[in-house]
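Reader: Please take me through the labels used for this model, setting each value against its cut-off.

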Amino acid sequence: MPEPETTDSSAVPQPTFGQRVKRARTRGGKTRAYVADVMGHSEEWVKAIERGTIGMPRLPKLLRLAHVLGVADIAELTGDDRIAAATFTKAEHRQLPLIKQALNKYELATADRPAEPAEVLEARLRQAWKLWHAADEPGTAQGHRSRIGHLLPALLADTRHAARTLEGAERRRALMAQAQAYHLAQLFLSFQPAPDLVMLTGDRAMAAAQDADSPMAMAAAAWYVNHLHRDAGEAAEARVELAEQAVALLPRGDDPEGIARRGLLYLAVALSYAKTGQHGDAWRYWDKADADARKLGDDYAHPWLIFGRGIVDGYRITMHNDLIQPVKALEVADALNLRSIPSATRRSYHLIETARAHGLLGESAAAVSYLQRAYRESTETIQYNLYTRSALPGLVTSGPRVVRDDARDLAQELGVPVPA
């Protein structure tokens with residue numbers, strides 16, 4: 001009896017991820033508008049997924065998409081594509097256990113030592129913020145997270161102790177310092193495998209700001225809470241309401257501190273609307289942020305919130321990316337003066353977003369080039385960035401050989417697993 005014929009499956013073109021998504025959507029009778037609404041994105045986002053302009057999303061969003069499409073087995077969308085868990089999860093910084101320990105430690109009895117004066121705590125925080133935003137030192141592997149990681153436990157403990165011990169105006173200042181310490185902790189924890197602690201630090205910062213009865217502190221807390229809720233996919237309406245409430249509490253006038261915080265909150269709203277594909281509202285609020293940046297002048301940048309002309313322009317790249325407008329994103333990137341942003345972490349982030357725009361256009365060589373620039377700007381910003389970790393495996397297998405080699409070398413430096 002002759003052997004049955006075998007078919008070389010590798011010779012048969014396999015459906016792409018986007019084609020599988022479209023097939024599942026049409027089979028289920030769901031419109032792009034419906035999927036976009038439930039996913040909290042625009043119809044352009046769904047279209048870009050189906051066309052392959054946007055790659056496979058990270059695992060949490062992938063699972064949610066499968067649920068929306070009525071797909072019981074996620075392999076129906078991924079096919080034979082290998083999903084490496086380390087690609088879709090977050091890398092852990094070596095100092096994360098120290099930060100976890102500091103945040104989970106409760107001291108019910110008042111420490112038997114005097115509290116540091118509020119002005120001393122404020123000076124320590126100013127130094128910590130400088131270390132966070134500073135460029136990496138040449139010849140060292142110590143990035144911004146590493147620089148402040150060993151400072152945070154003591155800052156958290158000492159600001160908490162001062163808030164419990166001091167009284168009156170000094171206590172209010174200590175509470176505002178405590179809120180800033182939690183902001184730094186939240187930034188450290190961002191893109192780390194500790195989502196519960198990210199939410200915890202955001203809530204504690206807002207609680208300290210409210211306890212201090214400081215509109216300025218509450219505005220800063222609202223900016224950071226907005227970020228974590230946007231990343232978690234919380235409803236845009238709630239994020240907008242929070243920002244608007246904080247804006248209403250700020251005093252009107254010419255004080256740069258108030259103007260910077262108001263502009264920052266308008267920027268938060270703009271980013272929230274862009275994330276959900278609401279073009280008109282997104283740019284209406286960006287215009288408000290832009291107006292406040294203009295009031296402060298081209299040379300102004302807040303010492304630790306970094307609000308100013310540079311980041312208002314820089315976040316336009318992110319907004320255009322989220323609205324699936326990569327060509328417009330690159331037009332902004334071409335005109336952006338990165339040196340106007342006095343923060344290596346922010347400069348690196350905007351370079352990564354520029355790489356994302358090139359990636360949306362399928363321009364792998366340019367995407368890798370910008371990721372390399374981001375790496376030189378701030379090692380630990382790109383190392384823990386989720387776009388970078390999800391994009392590099394694809395860049396290793398696409399484009400010219402030199403581009404693939406560069407992507408592989410960068411992935412190796414960052415500890416990102418890529419195909420052999």
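Reader: Why is D213 called exposed?

Author: D213 has a relative accessible area of 55%, and a residue counts as exposed over 50%, as buried under 20% and as partly exposed in between, with a 1.4 Å probe and protein chains only, so D213 is exposed. This residue lies in the loop between α12 and α13 (215–231), where helices are DSSP runs of H or I with at least four residues, strands are runs of E with at least two, and both are numbered from the N terminus. The phi of D213 is near 55°, a positive value in a residue other than glycine. The model is a predicted one, in which local features need pLDDT of at least 70 and side-chain atom pairs count only at pLDDT 80 or more, while totals for chains, interfaces and linings use all residues. Residues are numbered from 1 along each chain as its sequence is written, and side-chain values use heavy atoms, with hydrogens and water left out.

Reader: What makes α17 roughly antiparallel to α18?

Author: The axes of helix α17 (residues 309–322) and helix α18 (residues 326–335) cross at roughly 170° and come within 8 Å. Because angles over 145 degrees count as roughly antiparallel, under 35 as roughly parallel, 65 to 115 as roughly perpendicular and the rest as oblique, α17 is roughly antiparallel to α18. The axes are lines fitted to C-alpha atoms, for helices over the stretch in contact, and the angles run from 0 to 180 degrees between N-to-C directions.

Reader: Which residues of α17 and α18 meet?

Author: D313, R316, I317, H320 and N321 in α17 meet P326, K328, A329, V332 and A333 in α18, contact being heavy atoms within 4.5 Å. In the loop between α17 and α18 lies I324, whose phi is near 55°, a positive value in a residue other than glycine.

Reader: What makes the pair D211 and R171 a salt bridge?

Author: A salt bridge is a side-chain nitrogen of Lys or Arg within 4 Å of a carboxyl oxygen of Asp or Glu, and the side chains of D211 and R171 meet at 2.9 Å, N to O. The pair links distant parts of the chain, with D211 in helix α12 (residues 195–211) and R171 in helix α11 (residues 168–189), 40 residues apart. D211, at 42% relative accessibility, counts as partly exposed, and R171, at 27%, also counts as partly exposed.

Reader: Is E377 buried or exposed, and why?

Author: With 13% relative accessibility, E377 counts as buried. E377 forms a salt bridge with R339, the closest N and O atoms being 2.9 Å apart. E377 lies in helix α20 (residues 364–377) and R339 in the loop between α18 and α19 (344–360), so the pair ties together parts that are 38 residues apart in sequence. R339, with a relative accessible area of 56%, is exposed.
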